[in-house]
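Please open the model in the viewer and keep a selection tool at hand.

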Amino acid sequence: RLQEVNLLLDFSRQLRGLDSERIVRALLESARRALYAAHAGVVLIWDEHAGQLVPRSVSGYADNETMKRITYHPGESLPGQVFETNRSLRVDEVQFTRDYNFSTEGLLLYRQATGGRLPVSTLLIPIQSGEQSVGVLVLDNFNTPGAFTPEDETLLLSLAQQVGLSLQNVRLVQTTQERASQLEALTNAATTFTASLESEQLVAS
């Protein structure tokens with residue numbers, strides 16, 4: 001228990017001052033360090049423009065770059081279901097054709113990414129920012145049924161909660177900076193316009 005508390009404290013300290021990409025990477029690295037059963041993992045983040053969950057950090061697969069090409073719609077396959085319901089999911093024995101409804105192309109990409117191996121058990125954790133779902137952490141084990149425990153699930157929910165808060169803070173900072181830039185641009189435009197009017201009035205007089 002003490003080890004878990006220390007992990008959470010270290011993780012919290014680690015997140016300070018990071019941008020969103022590094023926050024997501026830190027989540028995956030910490031999750032895989034904490035759980036020996038996690039042979040590989042991916043963090044999927046919701047892309048509003050694409051309307052899909054897109055891989056932002058991947059590690060442990062035979063071909064991580066190919067895994068980065070696999071996206072999910074809400075409700076599609078296990079990651080899409082967890083994103084849609086916002087509930088974590090431990091699958092003790094993955095039945096691939098039931099749990100992943102890929103197209104032929106998607107299945108080929110997945111097999112290439114995993115080197116032809118399919119996960120035996122998996123743990124999926126939703127990532128929330130406030131009330132909003134922002135992504136899903138997926139951890140895979142390739143040789144042991146029931147590799148992940150309820151304690152693993154609880155620990156990763158705590159990590160994901162911290163990530164959600166950190167991502168929310170990053171967004172708030174970005175929004176504040178964007179508004180400040182917009183305000184500066186408006187102020188500059190107003191100053192230029194006022195100076196132009198004054199020049200015209202001087203010429204007219």
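**The whole chain**

The model is a predicted one. Colour by secondary structure to display its seven helices and five strands. The protein chain has 205 residues, of which 40% are buried. Of the contacts in the protein chain between residues at least 6 apart in sequence, 61% join residues at least 24 apart.

**Helix H2**

Select residues 20-34, which form helix H2. This helix has 15 residues and spans 21 Å from its first C-alpha to its last, close to the 21 Å expected at 1.5 Å a residue. To see the buried side of the selection, display Ile23, Val24, Ala26, Leu27, Leu28, Ser30 and Ala31, the buried residues of H2.

**Helix H4 and the residue after it**

Next, select residues 77-85, helix H4. Its buried residues are Ser77, Leu78, Pro79, Gly80, Val82 and Phe83. Which elements do the buried residues of H4 pack against? They pack against S1, S2, strand S3 (89-91), helix H5 (96-99), S4 and S5.

Ser77, which lies in helix H4, has a positive phi near 60° in a residue other than glycine. Ser77 counts as buried because its relative accessibility is 1%, under the 20% cut-off. Asn86 follows H4 and belongs to the loop between H4 and S3. Asn86 also is not a glycine, and its phi is positive, about 60°. With a relative accessible area of 22%, Asn86 is partly exposed.

**Gln52 in strand S2**

Move to Gln52, in strand S2 (residues 52-59). Is Gln52 buried or exposed? Its relative accessible area is 19%, so Gln52 is buried, the limit being under 20%. Show the side chains of Thr71 and His73 as well: a polar contact of 3.3 Å joins the side chains of Gln52 and Thr71, and another polar contact of 3.3 Å joins those of Gln52 and His73. Beyond its neighbours within four places in sequence, Gln52 is in contact with Ile45, Trp46, Asp47, Thr71, Tyr72 and His73.

**Ile125 in strand S4**

Now centre the view on Ile125, a residue of strand S4 (residues 121-129). Ile125 counts as buried because its relative accessibility is 0%. Draw a distance between the C-alpha atoms of Ile125 and Val136: they are 11 residues apart along the chain and separated by 5.6 Å. Leaving out residues up to four places away in sequence, Ile125 touches Val82, Ser88, Gly135, Val136, Leu137, Glu153, Leu156, Leu157 and Ala160.

**The cavity**

How many cavities of 30 Å³ or more are counted? The count comes to one. The largest cavity has a volume of about 50 Å³. Select its lining: Val42, Leu44, Tyr61, Met67, Tyr72, Pro79, Tyr100, Tyr110, Val138 and Asp140. Strand S1 (40-47) and strand S5 (132-141) are the elements that give two or more residues to this lining. Colouring the lining by residue type shows nine nonpolar residues, no polar ones and one charged.

Technical notes: Residues numbered from 1 in each chain as written. Predicted model: local features only at pLDDT ≥ 70, side-chain atom pairs only at ≥ 80, totals over all residues. Heavy atoms only, no water. 1 Å grid on protein atoms, 1.4 Å probe; cavity = no way out; pocket = protein on both sides within 12 Å on 5 of 7 lines; lining within 4 Å. Points joined across faces, edges and corners; volume = space filled by probe spheres on them. Helix = DSSP H or I, 4+ residues; strand = E, 2+ residues; numbered from the N terminus. Nonpolar A, V, L, I, M, F, W, Y, C, P; charged D, E, K, R; others polar. Buried < 20%, exposed > 50% of the residue type's maximum accessible area, 1.4 Å probe, protein only. Polar contact = N/O pair within 3.5 Å; in protein donor to acceptor, adjacent residues only side chain to side chain. Contact = heavy atoms within 4.5 Å. Expected span 1.5 Å × (residues − 1).
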